[in-house]
Amino acid sequence: MIVLDLSGADGPQTLFTSKSQPYTAADLALDGNLLYWLTYRSSLRLFDISNPAAPILVGEVAIPSDMQAIVAQDNYLYLVENLPPGDRKDALRVFDNSAPLHPLELGLHSLSSQGIELDVIDDRAYVRVWNGSLETIDLSDPAAPRLLYTLTGLSGAYFYPPYLFTAGM
């Protein structure tokens with residue numbers, strides 16, 4: 001892990017460099033002072049970053065394999081799972097995260113294609129999927145996420161909640 005301070009006018013300053021991490025990060029998320037390091041190896045590494053110059057590994061949690069994206073907020077973890085062709089469908093998984101070292105899966109919503117990007121705003125998840133769509137999922141009941149609508153045929157997209165900018169549909 002490398003921590004850079006980007007606030008200086010002279011450019012980035014390295015605050016921290018660790019030994020190489022055992023697994024490549026698929027995605028990172030921050031909730032308070034807890035950094036979630038999602039690996040490609042079925043694990044979630046948790047770091048206390050209350051002192052950014054000295055992150056501390058708090059623990060590692062085994063999670064289902066092939067997770068691609070993560071959001072951590074308000075005692076929930078939201079993970080996008082991408083599975084090899086022929087396995088069960090790609091999905092958005094919702095976990096109770098009130099005990100970060102012991103997340104409890106609450107719900108799952110199957111996606112139409114491989115998820116590549118995830119944003120969670122209030123009680124909605126916005127998942128960009130590989131087929132050029134944006135799936136909007138209702139999370140008001142975390143145990144039963146449900147599809148609200150899908151925008152298809154997006155040609156390049158940038159999501160700036162609550163707005164979506166796209167080159168075409």
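Mentor: In what follows, two residues are in contact when they have heavy atoms within 4.5 Å of each other. The model is a predicted one. I shall take Leu-77 as the point of departure. Leaving aside neighbours within four places in sequence, Leu-77 is in contact with Tyr-36, Leu-44, Ile-70, Val-71, Ala-72, Arg-93, Val-94, Phe-95, Asn-97 and Pro-103.

In soluble globular proteins, nonpolar side chains tend to be buried together. The largest nonpolar core of this model has 15 residues, and those touching the most other members are Tyr-36, Leu-38, Leu-44, Ile-70 and Leu-77. Two or more residues are supplied to this core by each of β3 (25-31), β4, β5, β7 and β8. Another core lies apart from it, with 14 residues that include Leu-92, Leu-111, Ala-125 and Ile-137.

Strands of a sheet pair through backbone hydrogen bonds, either parallel or antiparallel. Here 4 strands form an open sheet in the order β7-β8-β9-β10, with antiparallel pairing. At its edges are β7 (67-73) and β10 (104-110), each of which pairs on one side only. On average, and ignoring direction, neighbouring strands of the sheet are turned by 20° against each other. Strand β8 spans residues 76-81 and pairs with β7 over 6 bridges in the antiparallel sense. Within this arrangement, Met-67 stands opposite Glu-81 in β8.

A pair of aromatic rings is described by the distance of the centres and the angle of the planes. The structure holds 2 aromatic pairs. In one of them, the ring centres of Trp-37 and Phe-47 are 6.0 Å apart and the planes stand at 55°, so the pair is tilted. This pair links distant parts of the chain, since Trp-37 belongs to strand β4 (residues 34-39) and Phe-47, 10 residues away, to strand β5 (residues 43-48). Trp-37 is buried because its relative accessible area is 9%, under the 20% limit. Phe-47 is likewise buried, at 5%. The rings of Tyr-76 and Tyr-78 have centres 6.1 Å apart and planes at 35°, so this pair is tilted as well. Tyr-78 is buried, with 6% relative accessibility, whereas Tyr-76 is partly exposed at 26%.

Two polar residues complete the view. Thr-39 lies in strand β4 and counts as buried because its relative accessibility is 1%. Its side chain makes a polar contact with the side chain of Ser-43 at 2.9 Å. Asp-90 is placed in the loop between β8 and β9 (91-96), and it too counts as buried, at 12% relative accessibility. The side chain of Asp-90 reaches the backbone nitrogen of Gln-114 at 3.1 Å. Not counting residues up to four places away in sequence, Asp-90 touches Glu-81, Asn-82, Leu-83, His-109, Ser-110, Leu-111, Ser-113 and Gln-114. Among these, Glu-81 is the residue that stands opposite Met-67, and Leu-111 belongs to the core of 14 residues.

Terms used
Residues are numbered from 1 along each chain as its sequence is written. This is a predicted model: local features need pLDDT of at least 70, side-chain atom pairs count only at pLDDT 80 or more; totals for chains, interfaces and linings use all residues. Side-chain values use heavy atoms; hydrogens and water are left out. Two strands pair if DSSP finds at least two bridges between them. Axes are lines fitted to C-alpha atoms, for helices over the stretch in contact, and angles run from 0 to 180 degrees between N-to-C directions. Rings of Phe, Tyr and Trp (its six-membered ring) pair if their centres lie within 6.5 Å; planes under 30 degrees apart count as stacked, over 60 as edge-to-face and the rest as tilted. Buried means under 20% relative accessible area, exposed over 50%, partly exposed in between (1.4 Å probe, protein chains only). A nonpolar core is a set of buried Ala, Val, Leu, Ile, Met, Phe, Trp, Tyr and Cys residues joined through side-chain atoms within 4.5 Å. A polar contact is a pair of N or O atoms within 3.5 Å; within protein, one must be able to donate a hydrogen and the other to accept it, and residues adjacent in sequence count only if both atoms are side-chain atoms.
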